[in-house]
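Please report on the fold, the strand pairing and the aromatic contacts of the model shown here.

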Amino acid sequence: MTTTVSLGELPGLAGRDLGWTGYREVTQEQINTFADATDDHQWIHVDPERAANGPFRAPIAHGFLTVSLAIPFWSDLLEVTGAETKVNYGLDKVRFVSPVRVGAKIRMKAQVTEVTEISGGFQIGVDQVIEADGETKPAVVAHSLYRFYA
């Protein structure tokens, strides 16, 4: 469920759990495209036959591919009206806790930890967890920073 707030209402989100997104499937095509974009063609990502006999028993998504999916997930969780510009400001902490195998269905939950007024808008800190369906450990745990400008 998407939370919708105006730019001026952002400070009221401090401490709020935004819940879970729906699931998205990670495909081999996505992994291959990411490999091409980043020039990271390690066999554990792009060689399904070899990866089937490797340590993860299937090709796995690049950790940075998984964390980059926070962007579409984030859009599913929060809409800020009246924000002319939205910027990914950075990541304070990121851990790739467990691999995401090709075909996995992943989702994200987020909790707004802080909201800070900045020149022309607000910066929010968000604790995010990306998990794969059926796995006992999360795939990614991160603290992200986003900025919203009027």
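Which residues of H5 are buried? They are Ala70, Phe73, Trp74 and Leu77. Buried means under 20% relative accessible area, exposed means over 50%, and partly exposed lies in between (1.4 Å probe, protein chains only). Seen down the axis of H5, these buried residues fall within an arc of 105 degrees, so they line one face of the helix. The arc is that of the directions from the helix axis to the C-beta atoms.

## Basis of the model

This is a predicted model, in which local features need pLDDT of at least 70, side-chain atom pairs count only at pLDDT 80 or more, and totals for chains, interfaces and linings use all residues. Residues are numbered from 1 along each chain as its sequence is written, and side-chain values use heavy atoms, with hydrogens and water left out.

## Overall fold

The protein chain has five helices and eight strands. Along the sequence the pattern reads β-β-β-α-α-α-α-α-β-β-β-β-β. Helices (H or I, at least four residues) and strands (E, at least two) are DSSP runs, numbered from the N terminus.

The C-alpha atoms fill a box of roughly 55 × 30 × 25 Å, taken along the principal axes. Of the 150 residues, 39% count as buried. The accessible surface comes to about 8100 Å², and 49% of it belongs to carbon and sulfur atoms. Accessible areas come from the Shrake-Rupley method with a 1.4 Å probe; for residues, only the protein chains shown count as cover. Among contacts with a separation of 6 or more, residues 24 or more positions apart account for 71%. Contact means heavy atoms within 4.5 Å.

## Strand pairing

Two strands pair if DSSP finds at least two bridges between them. S5 and S8 run antiparallel and are joined by 10 bridges. Here Val94 has Ala142 in S8 as its bridge partner. S8 also pairs with strand S7 (residues 121–132), again in the antiparallel sense, over 10 bridges. In this pairing Phe122 is bridged to Phe148 of S8. Gly125 stands opposite Leu145 in S8.

Strand S6 (residues 105–118) pairs with S7 in the antiparallel sense over 12 bridges. Ile118 has Gly121 in S7 as its bridge partner. The hairpin of S6 and S7 has two residues between the strands, and Gly120 takes a positive phi near 85 degrees there.

How many residues of S7 are buried? The count is 10 of 12, so S7 is largely enclosed by the rest of the structure. S8 is mostly covered too, with eight of its 10 residues buried.

## Aromatic pairs

A pair of aromatic rings is described by the distance of the centres and the angle of the planes. Rings of Phe, Tyr and Trp (its six-membered ring) pair if their centres lie within 6.5 Å; planes under 30 degrees apart count as stacked, over 60 as edge-to-face and the rest as tilted. The structure holds two such pairs. The ring centres of Phe64 and Phe96 are 5.3 Å apart and the planes stand at 75 degrees, so this pair is edge-to-face. Phe64 lies in helix H4 (residues 63–68) and Phe96 in strand S5 (residues 85–96), so the pair ties together parts that are 32 residues apart in sequence. Phe64 is exposed, with a relative accessible area of 56%. Phe96 is partly exposed, at 39%.

The ring centres of Trp74 and Tyr146 are 4.6 Å apart and the planes stand at 10 degrees, so this pair is stacked. Trp74 is in helix H5 (residues 70–77) and Tyr146 in strand S8 (residues 140–149); the pair links distant parts of the chain, 72 residues apart. Both Trp74 and Tyr146 are buried.

## Charges over rings

A charge sits over a ring if NZ of Lys or CZ of Arg is within 6 Å of the ring centre and within 35 degrees of the ring normal. The charged end of Arg107 sits over the ring of Trp20, 3.9 Å from its centre. The charged end of Arg147 sits over the ring of Tyr89, 3.6 Å from its centre.

Leu69 is placed in the loop between H4 and H5. Leu69 is buried, with a relative accessible area of 10%. Leaving aside residues up to four places away in sequence, Leu69 touches Val26, Gln30 and Ile106. The C-alpha atoms of Leu69 and Val26 are separated by 9.7 Å, and these residues are 43 apart along the chain.
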